[in-house]
Amino acid sequence: GGDPKKKKKKRSQYKLSRSPLANLRGRPAILCTCISSRSYKKALGEAWDLFDDAIDELYPRKEPKDLAAAAKLPQRFIAHDIDCDAVLYFTFNEHNIDVVRIVRHILLNYSQRSQLLARMIPLSTVCYASKDDVIDALGPLLIGLEGKSYAIDMKRRNNDIFPRDEAIQAIALCVPKRSYRVDLDKPDSTICVHIFKSLAGISVVPGFYDLFDLNLSKIKKNDGNPRSASSSS
């Protein structure tokens, strides 16, 4: 995937923003985990190039022929230093960009290009890391549930006080029982909640299990195919 003729940035051009964490609330994002913290800078460049290509393919925009005008176009995403070991964090600047769609596109089309990234988690909305804020933010996202079953994938990083079990129970109460049943083995959709420091990122990901839990390394070993492709062969 991606345009092989496209000029890649020099590593020094992969710049990190150091915005306060509070400024990241309300902004769609993608959190990437690195295979090793020692390869953080190279992994940053790898993720940057993958996002560049995926956004250009899924959300093409007219590029001015004039190089000076092209240089003034706003950056479509920003990499942030959130001071979490082996974690990359990107926010996206255009309201029409669907981070779940971007991650799915990369997993299914670009996994063979990935050497240093482990998982890639879309965060459709980001809020303060409290149970009540998570429940409020989740409501509008439940329309993204597909199929008849779901599971909740919750992870905590650099936060030991978030009430994990209590929040999972509260999230389950938000899902209409008549329409969806819990399936922890092969759910049709997964509600992803990632707690990191004072923030919580949330998304609803159909086919999470089929995409090897959004693990780039595992889908790469399966030749870029979802689980269903290998199980049906």
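This report walks through the sheet, the helices and the aromatic contacts of the structure above.

The model is predicted, so local features need pLDDT of at least 70 and side-chain atom pairs count only at pLDDT 80 or more, while totals for chains, interfaces and linings use all residues. Residues are numbered from 1 along each chain as its sequence is written, and side-chain values use heavy atoms, with hydrogens and water left out.

Let's begin with the strands. Helices (H or I, at least four residues) and strands (E, at least two) are DSSP runs, numbered from the N terminus. Two strands pair if DSSP finds at least two bridges between them. Strands of a sheet pair through backbone hydrogen bonds, either parallel or antiparallel.

Here 5 strands form an open sheet with mixed pairing, in the order β1-β3-β4-β2-β5. Its edge strands are β1 and β5 (117-123), each of which pairs on one side only. Strand β2 (residues 29-34) and β5 run antiparallel and are joined by 5 bridges; C32 has M120 in β5 as its bridge partner.

Two helices lie against these strands. Contact here means heavy atoms within 4.5 Å, and angles run from 0 to 180 degrees between N-to-C directions, with axes fitted to C-alpha atoms (for helices over the stretch in contact). Helix α1 packs on the sheet, where α1 touches β1, β2, β3, β4 and β5, and its direction makes about 30 degrees with that of β4. Helix α3 (residues 99-109) lies across β2, β4 and β5 and runs at about 155 degrees to β5.

Buried means under 20% relative accessible area, exposed over 50%, and partly exposed in between (1.4 Å probe, protein chains only). L16 counts as partly exposed because its relative accessibility is 25%. Leaving aside residues up to four places away in sequence, L16 touches Y40, L44, A79, H80 and D81. L16 and L44 are 28 residues apart along the chain, and their C-alpha atoms are separated by 9.2 Å.

## Aromatic rings

A pair of aromatic rings is described by the distance of the centres and the angle of the planes. Rings of Phe, Tyr and Trp (its six-membered ring) pair if their centres lie within 6.5 Å; planes under 30 degrees apart count as stacked, over 60 as edge-to-face and the rest as tilted. The count by this rule comes to 9 aromatic pairs.

| Pair | Centre to centre | Angle between planes | Type |
|---|---|---|---|
| W48 and F77 | 5.2 Å | 65 degrees | edge-to-face |
| F77 and F92 | 5.9 Å | 45 degrees | tilted |

W48 is buried. F77 counts as buried at 1% relative accessibility, and F92 is buried with a relative accessible area of 4%. One aromatic cluster is formed by Y14, W48, F51, F77, F90 and F92.

Two arginines also meet rings. A charge sits over a ring if NZ of Lys or CZ of Arg is within 6 Å of the ring centre and within 35 degrees of the ring normal. R101 lies over the face of Y59 at 5.2 Å from the ring centre, and the charged end of R113 sits over the ring of Y110, 4.9 Å from its centre.

An α-helix has 3.6 residues a turn, so residues three or four places apart point the same way. In helix α4 (residues 131-138), the residues V134, A137 and L138 are buried. They lie on the same side of α4 because they cover an arc of only 100 degrees around the axis; the arc is that of the directions from the helix axis to the C-beta atoms. The face turned away from the buried side of α4 carries the exposed residues D132 and D136. What do the buried residues of α4 pack against? Their partners are β6 (125-128), α5 (164-174), β9 (189-196) and β10 (199-206).

In α5, the buried residues include A167, A170 and I171. These also cover an arc of only 100 degrees around the axis, which puts them on the same side of α5. D165, Q169 and L173 are exposed on the face turned away from the buried side of α5. The buried residues of α5 pack against α4, β7 (149-157) and β9.

Strand β9 also holds T190, which is buried with a relative accessible area of 2%. Not counting residues up to four places away in sequence, T190 touches A151, D153, S203, V204, V205 and F208.
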